[in-house]
Amino acid sequence: KKSPSPIVNTEVIMDIIKRRKLVILEGVPGTGKTHIYKSIKKEKYFKYTRFLTFHPSSDYSTFVGGIRPGKNETTGKLVFNPTKGHLLKILDESKKGRVLLWIDELNRANVPRVFGDLISLIGNKKPPKLRIPNVGIIEAEEKLSLTKDQIKNLHIVATMNTSDRSVTPLDAALRRRFNFIRLQPMSKVELFEVDDTNKDIDFRAIEEEITCFEQLNECLNKNMGVDAMMGHSYL
């Protein structure tokens, strides 16, 4: 949603993340997606945060877990051990309190392949027990299940660059579970409202440049579409 200033924007999105827990922020580069993460982290609402960036080679073994090479401490020989991925590690942390998994450039990877069976646990108030072998879970705990507290404490926020055409579309299962928020480039009026609330920023000193920036975005939007616009962070 469009909002009058990045301060209000962050507060609104923070409130949505607290209530909805599964959120995807989409928009062109420079609309403040990473800024929101930094602001949320400073508030220390979450006991633990983890920042990931997806790329085309991201897969199930690194995100959920799999067999990883290592060295035997006694013999020094190469061994392959079941190892937990980022998601299982943050699920362990969710036993202690609220946690935030922030995924940057979500649609850079093949998301269904990366999430795998774990998609049935996410966003499900009564998740089934899943048998996930070879991901660092000891034999007695091969059936992974989440407690109510873990489900309550887990928050996942992902970002999508809508101007990037070399990305993988999201499947319907993921779209049903996440709440999408569109971030738009700020207008001249909105930037001046930020100027009134932030003494470190003097947008009125570059009013001519802001007018040019706004006209450029109007031209890009009219001729190429909303995903061709530039974010206000470029100012």
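Guide: T31 is buried, with a relative accessible area of 3%. Buried means under 20% relative accessible area, exposed over 50%, and partly exposed in between, with a 1.4 Å probe and protein chains only. This is a predicted model: local features need pLDDT of at least 70, side-chain atom pairs count only at pLDDT 80 or more, and totals for chains, interfaces and linings use all residues. Residues are numbered from 1 along each chain as its sequence is written, and side-chain values use heavy atoms, with hydrogens and water left out.

T31 sits in the loop between β1 and α2 (33-43). Helices (H or I, at least four residues) and strands (E, at least two) are DSSP runs, numbered from the N terminus. A polar atom of the T31 side chain lies 2.9 Å from the backbone oxygen of V28. Leaving out residues up to four places away in sequence, T31 touches L183, Q184, P185, G231, H232 and S233. Contact here means heavy atoms within 4.5 Å.

Now the nonpolar core. The term covers buried Ala, Val, Leu, Ile, Met, Phe, Trp, Tyr and Cys residues joined through side-chain atoms within 4.5 Å. The largest has 28 residues, and F63, I103, L106 and F115 have the most contacts inside it. At least two of its residues come from each of β1 (22-27), α4 (86-93), β5 (99-104), α5 (111-115) and β8 (154-161). A second, separate core of 15 residues includes I13, Y37, L100 and V157. I103 touches L52, F54, F63, F115, I156, V157, A158 and T159, again not counting residues up to four places away in sequence.

Technical notes
A polar contact is a pair of N or O atoms within 3.5 Å; within protein, one must be able to donate a hydrogen and the other to accept it, and residues adjacent in sequence count only if both atoms are side-chain atoms.
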